[in-house]
Amino acid sequence: MKLTMMGRRSSAWIATVAAAFVAAVTLVQPAFAQQIVVRGNQRVDAETIRSYVTGTGAGSLEEARRGLLQTGMFSDVRIARSGSQVVVSVSENRIINRVFFEGNRKVERATLEPEMQSKARGAYNPAAVEADVERIRQIYQRTGRGLATVTPRIVDLPNGRVDVVFTINEGSKTGILSINFVGNRHYSGYRLRDLMNSSEMNFLSFLKTSDVYDPDRLSADQELIRRFYLKNGFADFRFVSTDAQFDAARGGWIITMTVEEGEQYRVGAVQLDSRLGDVDPEVLRRRIRTVAGQVYNAEAVERSLTDVTTEVARRGYAFAQVRPTGMRDPATRTINIGYVVEEGPRVYIERINVRGNTRTRDHVIRREIDLGEGDAYNKVLLDRAERRLNSLGYFKRVRITNEPGTAPDRVVVNIDVEDQPTGSFSIAGGYSTADGVIGEVSVSESNFLGRGQFVRLAGTWGQRSQGVDFSFTEPYFLGYRMAAGFDLFSKYTDNTRYARYESRVTGGQLRLGLPVTEEFGFTLRYSLYQTELKIPNTIKQPYNDCAIPIPGYTALNPNGTATYPTCAIDGETSVALKEAAGKTLTSLAGVTFAYSTLDNGKNPKNGIYAELKPDIAGLGGDSKFFRVAGDARYYHELFDDVVGVARIQGGHIAGFGDNGLRVMDHFFLGPTLVRGFESAGIGPRDISTGDARGNAIGGSTYAGASVEVQFPIWGLPRDLGLKGALFADAGTLFGYKGKRFFDVNQDAIISGFAPATGCSTVGVSVIPECVNVFDSKMIRSSVGASILWNSPLGPIRFDYAFALTKEDGVIDPNSGVKIGGDRTQAFRFSGGSRF
């Protein structure tokens, strides 16, 4: 009996195990397409769904379910076995018909739409919509609208379709509240913020976008600060951290940069180790810009590397490489710099890829690289190309990298860029004491049609001047690094406030600029222009009524001629200007030699800028003269953001030919030479008419010097652009070289000419036909103060000057008053605006 019972139990256990085995075998059998039943699908094809399940066993059914959900086409997926079948039950997501944005006035749809995961004709996914909401918030934060709110909603449509609508409340502008520096000991936060493109919010925020928090711009600002420190001897400088926090309560960003400056180093020994046997080391040493004893300058090291590399390449060593070495001595705070010149590995550039340029043409980018495909690879020249591309202003960012080529001695160079807008339209307005109220409308493009060409068209209108000009520049003429261009212009000027004539100059100029080094270059010029000079003769401006009486106004002699000197009391133009009235043509060729080591072209703090301009006129036309003019400025930062400026200038002109120097070819100067004087307020004058103002007739030689100290106005935000200045000027203009005697009446008699004394007004009762020149070489000087405003509306300058020395003139024996003296002007305001 016991045996029987044990046999039955064994049989039952065996049956159970067998059943479990059969079930397990059944469960791990793969599901085939004919065994898969799909339910709930309306738009998605059943075969597509089966493809995710076919061939999977029970252990992979969960993976199949997750795979179907990840497609974004379904809101719910269930997979279960029913006998020998696998049943897949799905709930399809609705299809997006359209995506709408409401309330977006500051950010265009074209900017938002590419960032969205939810797209028309795609599956609606609530998770994707929430992600899109966050993306929109981030876009608004980057554009300075950190308090923007986004509310999504769904509009149901027939046939399982929906519209996705994002309602945006843009809120007020939330820019950068403050930029703080921690750890800076040598340079103030004010000085460092002055280096940055990013700025803090203030009452001018409605006119600018630089106060918008932009992580990319902030990274570029860090690079500017880093290069500034390396340029000024802080070789160990580094950023410890940069923290940007959004303060929702105050509605803006607070940026804190923690820096570690280290010590300032000077250059110790400078050595050159040339391992190229047949290259004279002395030739290479002359190309090195670092000098022992000077403050260490990383830019000077970079330029030395470039210059030495160029020199050895010019001598046939295409694979030579120049690498710097530096040995710091913390005790003496010096860096011993070495330059090692040696043969490098023979690596060739297999290919140069230009990527990311949607507007700028490839050749515009490639021409900035002094290397081509098949040339020897040279990192120094590629680094210079990257600096050149960044300085063009065409791109938001530039990055040059390399990767291995198809062979060990081949390398592929990749140039990644991102285009940025380069055109501008501006409406400008301003006021100056010389030209009165001025308005300007201009359109310019620095990357015309993506070709890298500069084009500008501008029109100006003012109380005393109007004009139009057009400029075009091709920076790489005929494929060479030569800037060729032309200018067309026409300008009318009413000079009657300071002189007795009106003028219009119309013409054009051809230019060809050739750089010799990074600091020095020259520009060949040819100009052809017509000058039309008119003498007003109305009751309001009777400046020629001695020669042409005004009916009912001019006092007449019995013979019908004007009564002199009565007709000259209200201002009579010099006979020299009368003779110049009409149209004259000038054909002029010249060259400009320019030298610049300025650290910043717009707001220099250190460096020299000098130019020399010799010209010759007489290649046709009416004017014939030699002319040379020079101008040199030296900038030096005396203290933190306090800049000293020293300037010298001078010029000379000499006529040739039968007619000599025309009166309008002379120099007419005033506040541009010595502040505190009117336009044309300095120099020779014609006193023959007894005009109380005196008629300026210009001089042939001038010289001047000035010193100025510019400083920030403490307590004011840096980005207001306000600075103060103190200055002292000195200069002189002399040497009238034009005609002195004119037969105005064509009677072969020069009226008012006494051979013993020259032209004189004493006892003269007829219209003078000669120029009585009062010409003084006296040095004029002045001191004063200025306010300089580099405002978002344009550069504006206020000068108040007090003349220390000036020419008072001579006493007119007829009237008993002094005539021919300088014309002073204590206050001068000049500037323009853009809005």
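**Salt bridges and paired strands**

R191, D194, K605, E637 and D641 are tied together in a network of salt bridges. Keep in mind that you're looking at a predicted model. Across the structure there are 57 salt bridges. The general idea is simple: side chains with opposite charges can pair when their charged atoms come close.

**Salt bridges to look up**

- R328 pairs with D236 in a salt bridge, and their closest N and O atoms are 2.8 Å apart. This pair connects distant parts of the chain, 92 residues apart: R328 is in strand β11, while D236 is in the loop between α7 and β8.
- R328 is partly exposed, at 41% relative accessible area, and D236 is partly exposed too, at 31%.
- D370 and R388 also meet through their side chains, with 3.2 Å from N to O. Here D370 sits in the loop between α10 and α11, and R388 belongs to helix α11, 18 residues apart.
- D370 has 36% relative accessibility, so it counts as partly exposed.
- R78 and D76 form another salt bridge, at 3.4 Å from N to O. R78 counts as exposed because its relative accessibility is 61%, which is over the 50% cut-off. D76, at 29%, is partly exposed.

**Strands side by side**

- Strand β29 (residues 701-712) runs antiparallel to strand β26 (residues 642-655), and 10 bridges join them.
- Look for S706, which stands opposite D729 in β30.

Methods. Residues are numbered from 1 along each chain as its sequence is written. This is a predicted model: local features need pLDDT of at least 70, side-chain atom pairs count only at pLDDT 80 or more; totals for chains, interfaces and linings use all residues. Side-chain values use heavy atoms; hydrogens and water are left out. Two strands pair if DSSP finds at least two bridges between them. Helices (H or I, at least four residues) and strands (E, at least two) are DSSP runs, numbered from the N terminus. A salt bridge is a side-chain nitrogen of Lys or Arg within 4 Å of a carboxyl oxygen of Asp or Glu. Buried means under 20% relative accessible area, exposed over 50%, partly exposed in between (1.4 Å probe, protein chains only).
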